[in-house]
Amino acid sequence: MQQFACGADTTIDEAARSAGLNVRVVCRRGGCGACQAVLLSGRVEYREPVSVTKLHLAGDDHSRCELLCRAIPVSDVTVRPILAWTKHNPHPWSDLIRKKG
Amino acid sequence: MAVTKVGYAALAVTDLNSAVEHYVNNVGLSITERTKTEVYLRSPGDQDHHSVVLRESSRAGLDRFGIKMGDPDDLAELETLAERAGAQVRRLPAGSEPGIGEILAFRLPSEHEVWAYHSTQNIGFAEGMDNPDPVGVDSAIGSIGAQHLDHVALCAPDIDDLSKFLIEVLDFDESEVVVAPDGKRAVTFLFCTNTMHDVAIVPGPGAGLHHVSFEGENRAAIVRAVELLRHRDVPTMAYGMTRHGLAGVTTTYFHDPSGNRNELFSGPYATPGAQGMVPPIEWEISELGRGAFYYENELDMPFMTTVT
């Protein structure tokens with residue numbers, strides 16, 4: 001399990017990137033479902049539209065999931081991503097290179 | 001009976017205003033009509049009233065796509081053939097959709113909604129039909145310069161089933177196919193015009209949209225397009241741009257503000273238009289890395305699996 005801080009008004013994707021984790025994100029607009037994750041605890045909110053069909057997992061049970069590219073935590077949250085995240089391999093220069101949110 | 005082209009793609013979007021802004025400012029389309037619920041846009045190189053329709057919805061994806069038939073009598077023939085193939089067909093009178101006449105609506109075996117029509121309101125090329133300027137219209141300068149709607153790439157759970165309908169009922173032909181180990185189609189490119197695909201089919205959920213594709217002016221235009229998209233922070237594919245082994249085209253993929261995938265590409269080869277006379281190019285699935293992403297020689301799986 002990876003733990004990281006997420007500022008107010010920050011999506012989980014942005015916070016994960018700042019913490020050196022690559023969330024699988026493709027469209028970054030809440031439409032494609034690449035960043036689907038099951039919310040195990042806590043609450044999130046959306047301030048920009050997302051596709052409601054992607055708020056449910058593919059498969060038989062269609063259980064609820066969240067879209068990390070637009071989900072903003074409103075409490076501490078625990079999420080289980082559907083597609084694996086990768087960790088950056090830090091180079092000494094990594095911290096000097098501006099990270100884009 | 002002949003389908004002359006895929007005339008338009010109607011997209012569901014989760015934010016209509018930002019979608020319109022994207023398709024006008026980034027892609028280079030222009031608005032021809034607005035209704036209470038939908039916005040109709042044309043590309044500079046199509047003469048029909050619209051080639052993209054946008055409708056606000058709680059989801060993203062493909063509402064339907066339009067196919068333009070070659071002859072007014074084609075609608076009746078298609079009605080018979082589609083019903084015989086098991087499709088439920090309904091007729092919508094002229095005026096049901098701006099800019100097009102009577103419509104024959106039906107669902108493909110993959111649950112995609114298709115509206116077939118013959119009559120359209122011809123609005124000419126954006127540059128005009130009298131002494132046009134070859135450089136193009138000012139309104140598209142500053143966009144990636146989509147010339148015309150080229151093809152739609154659909155997702156289907158059973159690719160053989162959908163291909164069979166398009167080939168046997170709608171007279172499409174097949175230019176390239178990826179064959180799975182069991183001998184079934186894994187990916188296929190079908191055409192009804194003289195370019196190598198008007199409809200592509202990839203594995204995925206029924207009614208799914210993989211992408212809507214526009215043709216760029218040339219390969220150099222794709223390089224400039226990627227730079228513009230990155231400059232404007234439009235999400236592009238991780239590779240920026242690539243070349244497909246299948247089709248051989250130079251391409252970039254990006255997303256509209258609702259997550260629908262768009263493509264701008266250049267360099268499809270011409271197909272002869274002799275239906276059923278030229279066998280398709282076949283790809284083994286083991287070669288799909290090179291076939292999909294020729295430079296990278298690997299298949300980025302989220303590219304295949306994340307669709308609207």
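1. Before we start, residues are numbered from 1 along each chain as its sequence is written, and chains are lettered from A, with ligands numbered from 1, in the order in which they are written. Because the model is predicted, local features need pLDDT of at least 70 and side-chain atom pairs count only at pLDDT 80 or more, while totals for chains, interfaces and linings use all residues.

2. Chain A has one helix and seven strands (DSSP runs numbered from the N terminus: H or I of at least four residues for helices, E of at least two for strands). Along the sequence, the order is α-β-β-β-β-β-β-β.

3. Of the 101 residues in chain A, 36% are buried (20 or more other C-beta atoms within 10 Å of the residue's own, with C-beta atoms placed from the backbone). Taking contacts in chain A (C-beta atoms within 7 Å) between residues at least 6 apart in sequence, 63% link residues at least 24 apart.

4. Where the chains meet, chain A supplies 17 residues and chain B 16 residues. The chain A side consists of nine nonpolar, five polar and three charged residues (Ala, Val, Leu, Ile, Met, Phe, Trp, Tyr, Cys and Pro are nonpolar; Asp, Glu, Lys and Arg are charged; the others, Gly among them, are polar).

5. Now look at strand S9 of chain B, residues 148-156: eight of its nine residues are buried, so S9(B) is largely enclosed by the rest of the structure.

6. S9(B) pairs (at least two DSSP bridges) with S13(B), residues 208-215, antiparallel over seven bridges; here Ala153(B) sits opposite His211(B). S9(B) also runs parallel to S12(B), residues 199-203, through five bridges, with Leu154(B) partnered by Ile201(B).

Terms used. Buried ≥ 20, exposed ≤ 12 C-beta atoms within 10 Å, placed from the backbone. Contact = placed C-beta atoms within 7 Å.
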